[in-house]
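Here is a quick tour for anyone meeting this structure for the first time. Have a look at the picture, then read on.

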Amino acid sequence: MEESERTSLDPARRADHLCVLVHGLWGNPSHLSYLAKALREKHPEDKLNILVAKSNSGSYTYDGIETGGERVTQEIETLLQELEHDGAPIKRLSIIGYSLGGLIARYAIGLLQSKGWFDKIQPLNFTTFATPHLGVRTPLRGYHSQLWNAFGSRTLSTSGRQLFTIDTFRDTKRPILSVLADPASIFIRALSLFKNRTLYANIINDRSAPYYTTAIATTDPFIDLDAVHIRYLEGYTPIILDPDHPVLPKAAQDQQSFYTRLSSTGQGLLYRVPLYTALIALIPVATVAWTINSGIQSFRSSKRIQLHEQGEGLNGYRIPLMLANGGNTAKSAMSGAFRRMNSTQGHDYLPESSETSDDEKTQAENGTAPDAADRSEPPLKLTRTTSRKADFPTLALSDEQFEMIKNLDGVGWKKNLVHIQNHGHTHAAIVVRMQKPGFDEGKVVVRHWLEAEFEI
């Protein structure tokens, strides 16, 4: 067995804490090499076991959250059983998910909980990096956004339908992301058992998983950085934002004038003319190639899913999704159909008359709804300058997404916001997906995680 899965120490000296790393879409274990290396440098073999999941490598991530979650659960269970057989049972479990891997991890912990593992193992740390907890449906209006929502959802096989919330999961008549965030589900129950729940979200330039979905937020204060003051956490400046007071709107006189912004925008467009010219020539060719490849991968994915469904031992994972006292799931299913119909209406932001009250929105953002569970760490708080009106407008998310936010914040998260400035591909830089100078800011993110959030 690989070093990352089995240590060479005697059983009496082996660690009783297992940390599982789960990569994202189109990913492979090498994408999390820096995370694994940093973990090992911080915590030696006698303190921590590390498993980098590999069963969903490459195009296997097309196969959906459910299939991916079952594969990862099998990997975890196999290692837990082998360590227990060797006289080195695991007593504490941490799971770290990157991008789509965070959703796969949320599914896997529900299966582990339902199979009784958390009766004898303490769920300790659950962390996601740039994970689209609300899916990737863009809350922007216009033909380009509608085209993205329609095209993207149909070119990534099962995973694409799930990320754009147009799927129907089993007999729930609801998208899988809605079920994963249902307070009556095994998945929220499992998530609530973890002592520490932490997320890291890029505030800009994450084109794969935008801020609102990775931060589980109803607003995006960072759309125009010239309009806000950003506050950083001491010791991690200027990468990690202050979790208590991350951002404040600038006063009108502090913002750039219209003519200054227009001049700056014009200069930026001028510099981008060669890029836009190249894109105009390449986009048609790339679109055709992408569509053909997506069709091939979707076909292969459907075949893999069929084989997976026929696999031995799968019945152990086809368990009731809802707890016995889970409430009226039929009502949720019916309302879900109406929510999906309503979500086809495109907006940039909700009009003020359609927004929830300031008190209700504050509860949703801060996880202080009446049924919210007690938590040890305060979630993100956006500072407000008025008593009744929000500083930042509410995004035009679907009703399902607003429900997910309320339910996920009800569990309680420590939200760490990340400002990577030296590279445009912040989705990869946040975990240092490869060793390149432009990703060095991601090393500060990983250092913060190890020093401030990861409990051994």
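## Strand β8 and its two faces

Let's start with β8: K414, N416 and V418 point one way from this strand, K415 and L417 point the other way, and all of them are buried. That makes five of its five residues buried, leaving β8 mostly covered. In a regular strand, side chains alternate between the two faces of the sheet.

Keep in mind that you're looking at a predicted model. The pLDDT averages 80 over the protein, and 66% of the residues score at least 70. Over residues 1–5 the pLDDT is below 50, and this stretch has twelve contacts in the model beyond near neighbours in sequence. The pLDDT is also below 50 over residues 356–389, a stretch with 73 such contacts beyond near neighbours in sequence. Where pLDDT is low, the predicted coordinates should not be read in detail.

## The partner strand β5

Which strand pairs with β8? It's β5, residues 196–202, and the two run in the parallel sense over five bridges. You can follow the pairing residue by residue: T198 stands opposite K414, Y200 has N416 as its bridge partner, and N202 has V418.

β5 is covered on both faces, with N196, T198, Y200 and N202 buried on one side and R197, L199 and A201 buried on the other. Seven of its seven residues are buried, so β5 is largely enclosed by the rest of the structure. This strand also pairs with β4, again in the parallel sense and over five bridges. Here N125 is the residue that stands opposite N196 in β5.

## The whole sheet

Zoom out and you'll find six strands in an open sheet, in the order β2-β1-β3-β4-β5-β8, with parallel pairing. Which strands stand at the edges? They are β2 (49–52) and β8 (414–418); each has a single partner strand, so one side of each is left without a neighbour in the sheet. From one strand to the next, the twist averages 15°. As for what holds such neighbours together, strands of a sheet pair through backbone hydrogen bonds, either parallel or antiparallel.

## Helices packed on the sheet

Helix α2, residues 65–85, packs on the sheet and touches β1 (17–22), β2 and β3 (92–98). The direction of α2 makes about 150° with that of β2. Helix α3, residues 100–114, packs on the sheet too, touching β1, β3 and β4 (122–129), and its direction makes about 150° with that of β3.

Then there's helix α1, residues 33–42, where Y34, L35, A36, A38 and L39 are buried. The buried residues of α1 pack against β1, β2, β4 and helix α14 (440–453). An α-helix has 3.6 residues a turn, so residues three or four places apart point the same way.

## A closer look at α3

α3 has 15 residues and reaches 22 Å from its first C-alpha to its last, close to the 21 Å expected at 1.5 Å a residue. Of those 15 residues, 14 are buried, so α3 is largely enclosed by the rest of the structure. Just after the helix, G116 takes a positive phi of about 90°.

Is Q113 buried or exposed? This residue sits in α3, and its relative accessible area is 18%; that is under the 20% cut-off, so Q113 counts as buried. Leaving aside neighbours within four places in sequence, Q113 is in contact with F118, R189, A190 and L193.

K54 is partly exposed, with a relative accessible area of 40%. K54 and S30 are 24 residues apart along the chain, and their C-alpha atoms are separated by 9.5 Å.

## The protein in numbers

How many helices and strands are there in the protein? There are 14 helices and eight strands. The protein has 456 residues, and 52% of them count as buried.

Take the contacts in the protein with a separation of 6 or more: 78% of them are between residues 24 or more positions apart. Finally, the accessible surface comes to about 21000 Å², and 55% of that belongs to carbon and sulfur atoms.

Note on methods:
Residues numbered from 1 in each chain as written. Heavy atoms only, no water. pLDDT = per-residue confidence, 0-100. Contact = heavy atoms within 4.5 Å. Pairing = 2+ DSSP bridges. Helix = DSSP H or I, 4+ residues; strand = E, 2+ residues; numbered from the N terminus. Axes fitted to C-alpha atoms, helices over the stretch in contact; angles between N-to-C directions. Expected span 1.5 Å × (residues − 1). Buried < 20%, exposed > 50% of the residue type's maximum accessible area, 1.4 Å probe, protein only. Areas by Shrake-Rupley, 256 points an atom, 1.4 Å probe, with all protein chains shown as cover.
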